[in-house]
Amino acid sequence: MLFSLPPAISKKIGYATCTDCLLVLADIQSIDYYFANNAIMQRYEYEAEHVFFSDQQSLAQLFHMLLALSYFQRQGHSCLTISAIADQIYWSEADVIQNEQALSQKETRIKTGFSFASSQQLSDVIQQFTEIVPSRKDINWDAPNLYTARYANYENEVARFFRDQQSKYLASSGDEFAHLQQCADSLWPTLFPIKPQQGTDWQKVSVANGLISQTSIISGGAGTGKTYTVARLLLSWLFTQKKAGSGKAKLMLAAPTGKAAQRLNESILGEFTQLLKVNKINHVSALIDDLMPMIKAKTIHRLLGLGMHGIDPKYNDKKQLDCDFLVIDEVSMIDLAMMAKLLRALPKGAKLVLIGDANQLPSVESGGLLKDLVNQETWRSAAASSDYSNVYTQSHLSLLRKLAPDLVSANLQEVNAGMNGNSETEPVHRAYQYNHVTFLQTSMRSQNEITQLSQCILQGKQKPFLSLLSPLKSGNNGSDGDNQQAIQQLSLLMEEPTAPAIAWHENAYTPNGTINAELLASIAQRYQGIFESRNADEAIAQLKQYRLLSPTKKGRLGTEFLNTQIEQQLRKRFSHVNVGQIYRGMPIMIVQNDYRLNLFNGDIGVIWPNENGHLEACFSAPESLEPHVAFSITSLPVFEMVYAMTIHKTQGSEFEHIDILLPNIPAGDAALQNNQHLSRELLYTGVTRAKNSLGIIASLSVLKECIGKTSTRLSGLKSKLSV
């Protein structure tokens with residue numbers, strides 16, 4: 001096999017080597033070049049005389065389309081939609097380099113980029129290319145999307161599963177539905193107490209949907225009661241299993257990270273504890289007693305046996321999971337490939353419930369899975385008009401209203417007709433519906449300002465967003481007295497009722513690209529409680545109180561630099577804090593899964609001395625009888641210091657108070673619009689990590705850019721659901 005393009009081909013493309021390509025195109029990496037190179041070579045080997053390979057313009061467009069496919073997949077897209085590049089210049093920027101002959105002079109070398117042809121021309125080129133050797137399946141053209149074979153297969157698998165599931169009911173009539181009705185009549189009055197002026201109880205509707213459908217999705221923002229709902233769904237499911245006389249119920253729970261799995265356990269057990277306070281000895285307490293031993297959420301990697309048995313997961317389509325009911329939390333963090341592997345391992349008759357917030361940042365890897373599956377736009381329109389006929393079929397609405405009569409819909413006349421058996425049969429071939437989806441629409445949190453702020457972000461409403469911020473100017477422009485006053489106000493750990501729920505630090509940057517000393521000192525002060533704790537449990541509890549969030553790891557406002565800066569500030573007050581060393585009170589985050597120790601990427605703990613004075617790493621232990629588990633530091637997998645975290649890493653976590661630090665980019669700078677980290681999804685995800693109060697450290701121009709830009713992942717999943 002040839003490993004590089006022959007001169008005749010490379011000349012037409014414009015690059016004799018990978019280095020030549022990288023000198024002309026900004027942001028392109030070697031992996032992109034070799035991907036495009038190999039795709040062409042695998043066809044050129046067999047059809048070197050094909051007329052396509054003599055067409056210089058087509059070859060150049062093709063090569064750069066393949067570069068773009070690899071490039072876009074590295075950015076988290078599952079495919080390349082041709083319209084995203086058509087009639088545009090990509091990978092162009094000015095790169096200032098030093099002249100080797102005269103170091104005092106600077107020569108500007110322009111990375112000119114590449115100009116793509118029209119959408120029709122690009123489509124014609126890729127169509128011709130895929131027809132050269134039809135047996136080659138490494139590149140998949142499904143107009144208007146271009147895929148690698150791997151991601152095309154994953155997307156097709158996921159689309160096929162959810163298309164098939166939309167019409168599958170576990171209980172829609174007969175004895176099965178009678179058990180659900182009995183659950184609604186006898187159990188739900190205890191689980192869902194009636195509230196004045198309540199309207200539709202979407203938690204109850206979500207539980208009804210989860211019982212009726214074999215697969216269901218519960219989506220909602222932070223504080224809308226997702227865990228509240230899941231706890232009641234589990235109790236209702238076990239109730240119906242017992243009524244049906246089923247054998248031992250097999251429940252499994254999982255989440256993408258160790259931290260998210262831990263929080264799922266803690267939240268569900270917390271809900272059970274609250275229910276037991278008012279249900280000492282009755283059918284609810286009996287159900288909770290039976291469910292308690294089953295609440296053992298794992299990471300999805302551990303659930304599937306990924307990383308434990310070679311490259312392939314232990315559980316797959318040949319050897320499936322042993323469960324009747326699988327609950328997956330934080331689905332927005334799951335990429336396309338992981339979802340495909342998860343669905344392969346799911347037993348054919350098992351119930352599946354997916355939980356997440358579709359408005360959060362998409363997964364670090366490929367795809368924007370949850371957004372594609374729930375169709376937020378249609379749901380938002382349905383909620384505004386109280387007409388759910390575009391998301392639920394008439395027959396499905398009828399089933400839901402039998403279990404949850406308070407479900408209000410503008411088309412109730414038709415729904416009631418269906419409930420009474422007078423409706424006409426719905427068409428068999430109908431566009432993809434969202435019967436399996438329920439959106440939780442009401443926040444249950446006490447801090448209404450944070451909820452309002454998050455909604456302004458989602459809707460792109462800049463003026464209401466800015467009006468909610470409490471302007472707090474910090475920086476070098478004011479007097480020392482002004483700065484001292486700012487320091488006193490900055491601490492979000494203050495319990496005084498007068499402290500604002502939301503604070504905005506607009507002028508917090510120094511000329512050299514860092515945050516000012518006063519603000520940095522205030523941030524470090526918020527971690528003092530860890531070092532003043534009397535034991536490891538208190539230190540772990542203090543660590544859950546506050547976190548500084550940043551979009552990136554690298555740079556002067558990235559988490560790596562910020563962690564070092566905070567550590568140096570703490571050193572001024574606590575002499576045992578040795579910068580660059582391990583010390584008592586140091587917060588750490590695991591960044592590599594260790595199945596032997598049951599520690600996973602995202603787990604957060606604190607360094608603390610044991611009774612013999614030896615430093616250990618201590619982590620919360622929700623599955624253990626002990627309040628925490630401890631490990632020798634030498635036994636730990638890879639970990640890092642975690643005073644500051646990336647916003648991506650905080651998904652699945654909540655803190656009483658947070659500060660969000662955004663990059664300092666001047667208004668009008670091209671880098672502002674081109675910054676891939678700024679989006680309303682990023683800001684929304686950060687804001688919704690706060691339970692009680694938050695600070696936003698950002699300029700006005702950066703905030704406007706965040707709110708005005710959405711994070712879009714290119715995908716064909718949504719269109720494939722309707723095929």
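Helices, here and below, are DSSP runs of H or I with at least four residues, numbered from the N terminus. On this basis, in what is a predicted model, D27 is placed in the loop that joins helix 2 (18-24) to helix 3 (30-44), and the backbone at D27 adopts a phi near 75 degrees, a positive value in a residue other than glycine.

A positive phi, of about 55 degrees, also occurs at N375, which is likewise not a glycine. N375 is found in the loop between helix 15 (369-374) and helix 16 (376-385), and, with a relative accessible area of 9%, N375 is buried, since the term applies to values under 20%. A further backbone feature concerns the peptide bond from A143 to P144, which is cis, with omega near 5 degrees; P144 itself lies in the loop between strand 6 (139-142) and strand 7 (145-148).

Two packed helices are described by the angle between their axes and the distance between the axes. For helix 6 (residues 149-165) and helix 14 (residues 336-344), the axes come within 9 Å and cross at roughly 50 degrees. The two helices are therefore oblique to each other, and the crossing of helix 6 and helix 14 is left-handed. On the side of helix 6, the contact involves Y151, Y154, E155, E157, V158, F161 and F162, which meet L336, A337, M339, A340, K341, L343 and R344 in helix 14. In composition, the residues of this contact between helix 6 and helix 14 divide into ten nonpolar and four charged, with no polar residues.

How values were computed
Residues are numbered from 1 along each chain as its sequence is written. This is a predicted model: local features need pLDDT of at least 70, side-chain atom pairs count only at pLDDT 80 or more; totals for chains, interfaces and linings use all residues. Side-chain values use heavy atoms; hydrogens and water are left out. Buried means under 20% relative accessible area, exposed over 50%, partly exposed in between (1.4 Å probe, protein chains only). Axes are lines fitted to C-alpha atoms, for helices over the stretch in contact, and angles run from 0 to 180 degrees between N-to-C directions. Angles under 35 degrees count as roughly parallel, over 145 as roughly antiparallel, 65 to 115 as roughly perpendicular and the rest as oblique. A crossing is left-handed if the near helix is turned anticlockwise from the far one by less than a right angle, and right-handed if clockwise. Contact means heavy atoms within 4.5 Å. Ala, Val, Leu, Ile, Met, Phe, Trp, Tyr, Cys and Pro count as nonpolar, Asp, Glu, Lys and Arg as charged, and the others, Gly among them, as polar.
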